[in-house]
Amino acid sequence: DQVAARMLRLILDIAEPRRPVLQALPTTHYDYLVVGAGFAGAVMAERLAAGSGKRVLVIDKRPHVAGNAYDHHDAAGMMIHQYGPHIFHTNSAEIVEYLSRFTEWRPYEHRVLAQVGDKQVPIPINRTTLNSLYGLSLKDDADTAAFLAARAEPVAMVRSSEDVVVSAVGRELYETFFRGYTRKQWGIDPSELDKSVTARVPTRTSTDDRYFTDTHQVMPRDGYTAMFEKMLDHPNIDLALGVDFAEAKARFVYDRIVYTGPIDEYFGFRFGKLPYRSLEFRHVIEEREWAQSVAVVNYPDEAVPHTRITEYKHLTGQTAPHTSLTYEYPSDEGDPYYPIPRAENQALYKRYEALAAVTPEVLFVGRLATYRYYNMDQVVGQALATYRRHVAEQAIGEAT
Ligand code: FAD
Ligand code: UDP
């Protein structure tokens with residue numbers, strides 16, 4: 001049987017040489033077809049296979065696993081993130097414990113500077129930011145809070161991404177750090193964007209210059225891709241890369257679907273397109289040891305086309321006489337990376353969500369399928385919760 005399976009794989013590979021990996025057999029009956037090998041798809045596949053003994057086929061239209069968290073070594077041997085910097089942070093011990101089955105960790109606390117004129121100052125705005133920007137000598141939290149309170153503009157009802165910032169730090173700091181960056185990143189003014197977007201970035205009266213304050217701040221020691229490979233390395237899981245759902249539908253035999261692509265696409269855009277924001281990434285290698293003092297430098301100036309530059313050595317701990325960087329250029333065209341949080345988009349998503357609710361043979365999981373601006377840990381949490389709910393509904397076994 002094994003020889004026959006290997007032969008069939010070989011034939012498929014010869015027939016379609018463009019496919020980097022094709023381990024799935026068209027004749028196998030699968031309990032689940034998982035569309036997408038990112039966090040949502042990989043966690044669901046791992047749980048269904050290892051937790052419930054189900055036969056699972058994972059497909060992805062890209063030639064690799066890990067979704068947007070995909071990392072690999074570039075031409076200079078540096079580990080880079082193909083789709084922009086992915087920093088793992090969470091307050092959930094359960095999520096860290098779960099992922100620890102598939103990776104060791106490297107401690108890493110993320111720090112970001114914003115380029116303002118010829119200065120680089122900490123973002124989130126903290127006491128150091130204000131002292132450095134304005135030549136002040138604010139000494140403690142109370143000093144700094146008073147400085148900000150004198151500039152903050154009261155907003156009766158905080159609704160938009162502009163309101164959040166202006167009500168906390170005033171218009172000048174808003175314009176310096178948030179307006180230009182947000183207009184570039186989202187293609188709309190912060191006044192048109194839900195408050196949840198800029199609320200991701202706090203304001204601090206302390207000198208804490210970490211981007212995140214979560215209890216767990218670690219990076220997978222050997223990278224995200226290696227972690228995903230372990231997650232998907234299970235006898236009940238087959239993997240077919242470079243395969244789109246449209247093609248897989250007719251090609252494979254399965255009972256249920258876990259769908260982690262864009263939800264509007266699943267339903268043939270029948271209510272119209274859900275807006276997603278895209279990015280272009282420019283990856284460069286420079287012949288110097290370091291380019292930046294921190295992993296990420298943000299460019300809030302609207303006249304600068306990129307939003308941020310990432311230097312990976314800070315994240316990975318790799319040493320080399322050269323360094324690898326990624327520039328991010330926001331765009332409407334290209335892969336869907338960000339759902340755009342605003343009321344009208346949420347209303348459209350709700351119509352698709354109502355369709356999903358009456359499509360019980362499909363589980364919709366992840367950032368694109370549930371149209372939520374989720375971080376990686378939130379997607380893992382959502383997938384684990386979806387799996388548990390599904391187990392309870394189906395009364396399928398849970399082994400681990
Ligand atoms: P994805 O990773 O997008 O995976 C979905 C997969 O489905 C994709 O691989 C896609 O190719 C595949 N797919 C879609 N449609 C089809 C189809 N029709 N057929 C076959 N396959 C299909 N989170 C953090 O926690 N920290 C960070 O620092 C961070 N930085 C980020 C930076 C950027 C630039 C971006 C874009 C995101 C960042 N995130 C970060 C968020 C993180 O990427 C997501 O939370 C996470 O990757 C979402 O996982 P997912 O499985 O839902 O989606
Ligand atoms: N933001 C900003 N200036 C900054 C950093 C963030 O205006 O220097 C705003 C911007 O709208 C951005 C949002 O805050 O999209 C969330 O920032 P985050 O760093 O969380 O974005 P992500 O890493 O998800 O792209």
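Colleague: Hi! Is L384 buried, exposed or partly exposed?

Modeller: Hi! This is a predicted model, and in it L384 is partly exposed, because 19 other C-beta atoms lie within 10 Å. The cut-off for a buried residue is 20 or more.

Colleague: Thanks! Which helix is L384 in?

Modeller: L384 is found in helix α14, which covers residues 376–394.

Colleague: And which residues is L384 in contact with, leaving aside its neighbours within four places in sequence?

Modeller: Those are V43 and Y98.

Colleague: How far apart are L384 and D238?

Modeller: In sequence, 146 residues separate L384 and D238, and in space they are 20 Å apart, C-alpha to C-alpha.

Colleague: Let's go to the helices. How do α2 and α14 pack?

Modeller: Helix α2 takes in residues 39–52, and it packs with α14 at an angle of about 35 degrees, with the axes 9 Å apart. The crossing of α2 and α14 is right-handed.

Colleague: Which residues make that contact?

Modeller: From α2 they are F39, A40, V43, M44, R47, L48, G51 and S52, and from α14 they are M376, V379, V380, A383, L384, T386, Y387 and V391. Sorted by class, the contact of α2 with α14 has twelve nonpolar residues, three polar and one charged.

Colleague: New topic: α6 and α7. At what angle do they pack?

Modeller: Helix α6 (residues 161–169) and helix α7 (residues 171–186) pack at about 155 degrees, and their axes are 8 Å apart. That angle is over 145, so α6 and α7 are roughly antiparallel to each other. The crossing of α6 with α7 is right-handed.

Colleague: Which residues meet?

Modeller: On the α6 side there are S161, E162, V165, V166 and V169, and in α7 they meet R171, L173, Y174, F178 and T182. The contact of α6 with α7 has six nonpolar, two polar and two charged residues.

Colleague: Why is α6 largely enclosed by the rest of the structure?

Modeller: Because eight of its nine residues are buried. The buried residues of α6 are S161, E162, D163, V164, V165, V166, A168 and V169. They pack against α5 (141–151), α7 and α8 (195–198).

Colleague: What follows α6?

Modeller: G170 does, and its phi is positive, near 90 degrees.

Colleague: Which residues other than glycine have a positive phi?

Modeller: Among them are A66, with phi near 90 degrees, and F269, with phi of about 55 degrees. For background, most residues other than glycine have a negative phi.

Colleague: Where do A66 and F269 sit?

Modeller: A66 is in the loop between β2 (56–60) and β3 (71–73), while F269 is in the loop between α11 (263–266) and β12 (276–286).

Colleague: Buried or exposed, what does each count as?

Modeller: A66 counts as buried, because it has 27 C-beta neighbours inside 10 Å. F269 counts as exposed, because it has 12 C-beta neighbours inside 10 Å.

Colleague: Which residues does a cis peptide bond join?

Modeller: It joins I123 and P124, with omega about 0 degrees. P124 is in the loop between β8 (119–123) and α4 (127–134).

Colleague: Last topic: what domains does the assignment give?

Modeller: The domain assignment gives domain 1 (2–69 + 222–274 + 339–394), domain 2 (72–110 + 215–219 + 275–331) and domain 3 (126–198).

Colleague: How far apart are the centres of domain 2 and domain 3?

Modeller: Taken over C-alpha atoms, the centres of domain 2 and domain 3 are 25 Å apart. Their contact takes seven residues from domain 2 and ten residues from domain 3. The side of domain 2 that touches domain 3 has two nonpolar, two polar and three charged residues.

Definitions and conventions
Residues are numbered from 1 along each chain as its sequence is written. Chains are lettered from A and ligands numbered from 1 in the order in which they are written. This is a predicted model: local features need pLDDT of at least 70, side-chain atom pairs count only at pLDDT 80 or more; totals for chains, interfaces and linings use all residues. Axes are lines fitted to C-alpha atoms, for helices over the stretch in contact, and angles run from 0 to 180 degrees between N-to-C directions. Helices (H or I, at least four residues) and strands (E, at least two) are DSSP runs, numbered from the N terminus. Angles under 35 degrees count as roughly parallel, over 145 as roughly antiparallel, 65 to 115 as roughly perpendicular and the rest as oblique. A crossing is left-handed if the near helix is turned anticlockwise from the far one by less than a right angle, and right-handed if clockwise. Two residues are in contact if their C-beta atoms, placed from the backbone, lie within 7 Å. Ala, Val, Leu, Ile, Met, Phe, Trp, Tyr, Cys and Pro count as nonpolar, Asp, Glu, Lys and Arg as charged, and the others, Gly among them, as polar. Domain bounds come from an automatic or database domain assignment.
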